Amino acid sequence: MCSSDLLVNCTCFLYAGVSLGVVSFLVLFLRERMGYDLELAGRLLAVTQLSGVAGRVLWNVMSDTVFGRRRKPPLVCIGALAGASAYALSFMGPTTPIGLLIAALMLLGFTIVGWNGVTMLFVAELAGRRAASTAAGLNLSFSFVGIMFGAPMFGAIVDNTGSYGTAFQFSA
């Protein structure tokens with residue numbers, strides 16, 4: 001495995017962990033911190049997930065068109081924008097205008113839920129035709145390990161600090 005492969009795999013470990021941590025606790029955050037009822041919290045989770053669906057498609061399109069078939073720049077953009085949206089969420093509370101919250105959740109979904117399509121393309125391109133399936137399997141292994149740690153870590157931060165804000169800042 002070359003350094004580029006390791007960097008992409010470690011990036012996927014982190015992105016997957018943050019993705020599952022944030023999404024797993026989003027409804028609880030919206031209910032406990034923001035004071036929303038279950039129906040609205042569920043709808044906002046759906047908005048976040050639907051934004052992720054759009055991200056899975058559009059990040060690949062942008063990596064081909066806007067970024068000239070390069071995969072690293074969109075992955076950097078995804079990380080920066082996901083971090084910014086998670087950081088913004090850390091400061092939101094019951095008095096936050098819902099439009100601002102929805103914008104942050106859409107950006108969060110577009111990035112940290114929608115990141116993995118471009119990474120799979122990147123991994124396949126790095127590995128080449130002969131090793132693409134092996135490289136994809138290794139990459140998914142890194143992602144799944146990130147998933148195993150992300151949600152429990154997010155929850156542990158909330159439990160130990162009593163703050164969703166701290167968990168979102170750590171995620172950022």
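Which helix holds Thr 119? Thr 119 is found in helix α5, residues 116–127. The model shown is predicted: local features need pLDDT of at least 70, side-chain atom pairs count only at pLDDT 80 or more, and totals for chains, interfaces and linings use all residues. Residues are numbered from 1 along each chain as its sequence is written, and side-chain values use heavy atoms, with hydrogens and water left out.

**View 1. Thr 119 in helix α5.** Helices are DSSP runs of H or I with at least four residues, numbered from the N terminus. Thr 119 has a relative accessible area of 1%. Thr 119 is therefore buried (under 20% relative accessible area, with exposed over 50% and partly exposed in between; 1.4 Å probe, protein chains only). Beyond its neighbours within four places in sequence, Thr 119 is in contact with Cys 12 and Leu 75 (heavy atoms within 4.5 Å).

**View 2. The largest pocket.** About 330 Å³ of space lies here. The lining has 20 residues; closest to the centre are Leu 14, Tyr 15, Gly 17, Val 18 and Ser 171. A pocket is an open set of points on a 1 Å grid over the protein atoms alone, where a 1.4 Å probe fits, with protein on both sides within 12 Å along at least five of seven lines; lining residues have an atom within 4 Å of a point. Points are joined across faces, edges and corners, and the volume is the space filled by probe spheres set on them. Helices α1 (3–32), α3 (72–89), α6 (132–161) and α7 (164–171) each supply at least two lining residues. The lining of the largest pocket divides into 13 nonpolar, seven polar and no charged residues. Ala, Val, Leu, Ile, Met, Phe, Trp, Tyr, Cys and Pro count as nonpolar, Asp, Glu, Lys and Arg as charged, and the others, Gly among them, as polar.

**View 3. The second largest pocket.** This pocket holds about 180 Å³ of space. Of its 15 lining residues, Ala 16, Arg 56, Trp 115, Asn 116 and Ile 147 lie nearest the centre. Two or more lining residues come from each of α1, α4 (98–113), α5 and α6. Helix α6 gives the largest share, five residues. The lining of the second largest pocket has nine nonpolar, five polar and one charged.

View 4. The whole structure has seven aromatic pairs (rings of Phe, Tyr and Trp, the last by its six-membered ring, with centres within 6.5 Å; planes under 30 degrees apart are stacked, over 60 edge-to-face, the rest tilted). Phe 25 and Phe 154 are stacked, because their ring centres are 5.3 Å apart and their planes lie at 25°. Phe 25 is in α1 and Phe 154 in α6, so this pair ties together parts 129 residues apart in sequence. Phe 25 is buried at 19%, and Phe 154 is buried at 3%. Phe 29 and Tyr 164 pair edge-to-face, at 5.8 Å centre to centre and 65° between the planes. Phe 29 lies in α1 and Tyr 164 in α7, so the pair links parts 135 residues apart in sequence. Both Phe 29 and Tyr 164 are buried. Ring pairs join Phe 25, Phe 29, Phe 154, Tyr 164 and Phe 168 into a cluster.

**View 5. Phe 29 and the largest nonpolar core.** The core has 39 residues; Phe 29, Leu 30, Leu 89, Leu 101, Phe 154 and Phe 168 have the most contacts inside it. A nonpolar core is a set of buried Ala, Val, Leu, Ile, Met, Phe, Trp, Tyr and Cys residues joined through side-chain atoms within 4.5 Å. Helices α1, α2 (38–64), α3, α4, α5, α6 and α7 each give two or more residues to this core. The largest share, ten residues, comes from α1. Leaving aside neighbours within four places in sequence, Phe 29 is in contact with Met 34, Leu 89, Met 92, Tyr 164 and Phe 168.
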